[in-house]
Amino acid sequence: MRVDVHTRRGAFAMSAAFETQPGEILAVIGPNGSGKSTLLNAIAGLLPAAGSVVVGDRVLDAPAGPGAPRGTHVPPSRRRIALLGQRPLLFPHLSIRENVAFGPRAQGVPRAEARRRASMRLEEVGLGGLAARRPAELSGGQQQRAAIARALAAEPDALLLDEPFAALDAPSAAQARRLIAAQQGQNPAIPILLVTHDPMDALILAARTLVMHDGAVVQGGSTAEVLGHPRTEFVAALAGVNRLEAVGADGDVVHAGGLMLRGHGDALGVGETGSAVFAPGSVRTEPLQERADAGSATDPNHWMGRVTQLDPIPGGIRLRTAEHPGVAVDCPSTHAVALGLHPGQRLAFRIDDADVSVRAEPPRGR
């Protein structure tokens with residue numbers, strides 16, 4: 001699938017260009033209002049958009065040009081693109097089998113074949129024994145699995161997913177993720193575009209991720225790189241990492257957020273700007289005491305601070321200090337107990353070079 005679309009809704013403009021391969025799951029993340037759903041609706045043909053959309057060898061949208069003075073626009077009903085959101089939107093008066101068979105029937109598939117496809121898809125999503133029930137007789141997770149089966153029964157050329165797991169409980173979401181992941185091994189394989197706020201969706205399902213902000217793609221690449229070294233505060237918060245603006249100092253040291261850090265990645269020259277990223281759990285927390293092997297606060301990757309904030313997290317405590325309020329540090333529960341962790345306590349912190357990622361970036365605003 002090749003996409004290069006531009007659309008405007010009132011004062012909001014959205015522009016995105018990218019490619020996906022057959023069988024690939026591409027994640028799209030970004031804050032609310034960044035244009036993610038607008039992008040899916042433009043690809044599905046539900047919003048007027050300029051530019052081009054090509055799926056396989058089918059041109060669905062194309063600008064005017066030689067031989068096509070009016071351009072190309074295939075209506076949504078003929079695009080063979082399935083769009084699935086948070087709500088299943090099943091027909092309440094039809095059985096689950098009839099819901100799933102609706103897509104093939106709308107394409108002109110004979111009733112018997114449509115019902116066969118529906119039964120096969122329902123078996124795949126674990127609902128074969130519930131085919132005769134109405135949507136109201138199913139749980140929310142079962143309804144969403146039925147909606148996935150309905151989307152796939154239509155044998156689309158591409159699948160667009162708009163926060164499909166957001167309204168599900170943890171077990172149902174995990175099962176739905178497995179269903180989507182299983183599509184990569186199907187024949188024929190189809191490209192899948194997954195809009196999500198949950199970084200676990202991207203990590204589990206997508207080899208590549210795009211980041212959207214203010215209607216534009218601001219970062220793209222492997223999911224490991226995008227979430228491992230985000231370029232925006234939003235993605236840093238989403239990924240649960242510290243991201244600090246950095247300036248190159250002497251040697252391989254950078255000044256970042258009031259800290260002196262040495263890491264891996266890009267070597268910043270003196271005065272060169274970039275960012276330093278590290279996980280809160282990579283920081284070691286130690287009592288503030290004199291030891292022969294203890295690093296000084298003036299040494300790279302060592303600092304001291306007075307605890308001002310303690311927040312519970314799974315398996316431990318997240319703390320912040322007065323000196324570096326923008327730096328989160330995670331302390332395992334057992335270590336927090338051993339330290340006697342409390343507000344006002346002064347502690348020493350250190351992090352290994354291998355746990356700090358440094359990237360060169362132009363100053364903001366350029």
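**Sheets and helix packing in the predicted model**

Five strands come together as an open sheet, running in the order β17-β21-β18-β19-β20 with antiparallel pairing. At the edges sit β17 (284-287) and β20 (329-332), each of which pairs on one side only. Ignoring direction, neighbouring strands of this sheet are turned against each other by 50° on average. Inside the sheet, β18 (residues 302-313) lines up with β21 (residues 346-350) in the antiparallel sense, and five bridges link the two. One handy reference point is Gly305, whose bridge partner in β21 is Leu347.

All of this is read from a predicted model, so a word on confidence is in order. The protein chain has an average pLDDT of 91, and 96% of the residues score at least 70. The stretch to treat with care is residues 290-294, where pLDDT stays under 50. For that stretch the model has two contacts beyond four places in sequence. Where pLDDT is low, the predicted coordinates should not be read in detail.

A second open sheet has six strands, and here the pairing is mixed. Its order is β14-β13-β12-β16-β22-β15. The edge positions go to β14 (259-262) and β15 (264-265); each has a single partner strand, so one side of each is left without a neighbour in the sheet. Within this sheet, β12 (residues 242-248) and β13 (residues 253-256) run antiparallel and are joined by three bridges. Gly248 is found opposite Val254 of β13.

Val53 ties the two pairings together: Val53 is the bridge partner of Val3 in one, while its own partner in β5 is Asp61. The hairpin of β4 and β5 has two residues between the strands, and Gly56 in this hairpin takes a positive phi near 65°. As for what holds such pairs together, strands of a sheet pair through backbone hydrogen bonds, either parallel or antiparallel.

Helix α2 (residues 96-106) packs on α3 at an angle of about 125°, with 8 Å between the axes. The two helices are therefore oblique to each other, and α2 passes α3 in a right-handed crossing. On the α2 side, the contact involves Ile96, Arg97, Val100, Ala101, Pro104 and Arg105. These meet Arg111, Ala114, Arg115, Arg117, Ala118, Ser119, Arg121 and Leu122 of α3. Sorted by class, the contact of α2 with α3 has seven nonpolar, one polar and six charged residues.

Next comes the pair formed by α3 (residues 111-124) and α4 (residues 140-153), which pack at about 135° with their axes 9 Å apart. That angle makes α3 oblique to α4, and the crossing is right-handed. Arg117, Arg121 and Leu122 are the α3 residues that meet α4, where Ala149, Leu152 and Ala153 take part. The contact of α3 with α4 divides into four nonpolar, no polar and two charged residues.

The remaining pair is α2 with α4, whose axes come within 7 Å and cross at roughly 30°. Angles under 35 degrees count as roughly parallel, so α2 is roughly parallel to α4. The crossing of α2 and α4 is right-handed. From α2, the contact draws on Ile96, Asn99, Val100 and Pro104, and from α4 on Ala146, Ala149, Arg150 and Ala153. By class, the contact of α2 with α4 comes out as six nonpolar residues, one polar and one charged.

Terms used. Residues numbered from 1 in each chain as written. Predicted model: local features only at pLDDT ≥ 70, side-chain atom pairs only at ≥ 80, totals over all residues. Heavy atoms only, no water. Pairing = 2+ DSSP bridges. Helix = DSSP H or I, 4+ residues; strand = E, 2+ residues; numbered from the N terminus. pLDDT = per-residue confidence, 0-100. Contact = heavy atoms within 4.5 Å. Axes fitted to C-alpha atoms, helices over the stretch in contact; angles between N-to-C directions. Parallel < 35°, antiparallel > 145°, perpendicular 65-115°, else oblique. Left-handed = near helix turned anticlockwise from the far one by under 90°. Nonpolar A, V, L, I, M, F, W, Y, C, P; charged D, E, K, R; others polar.
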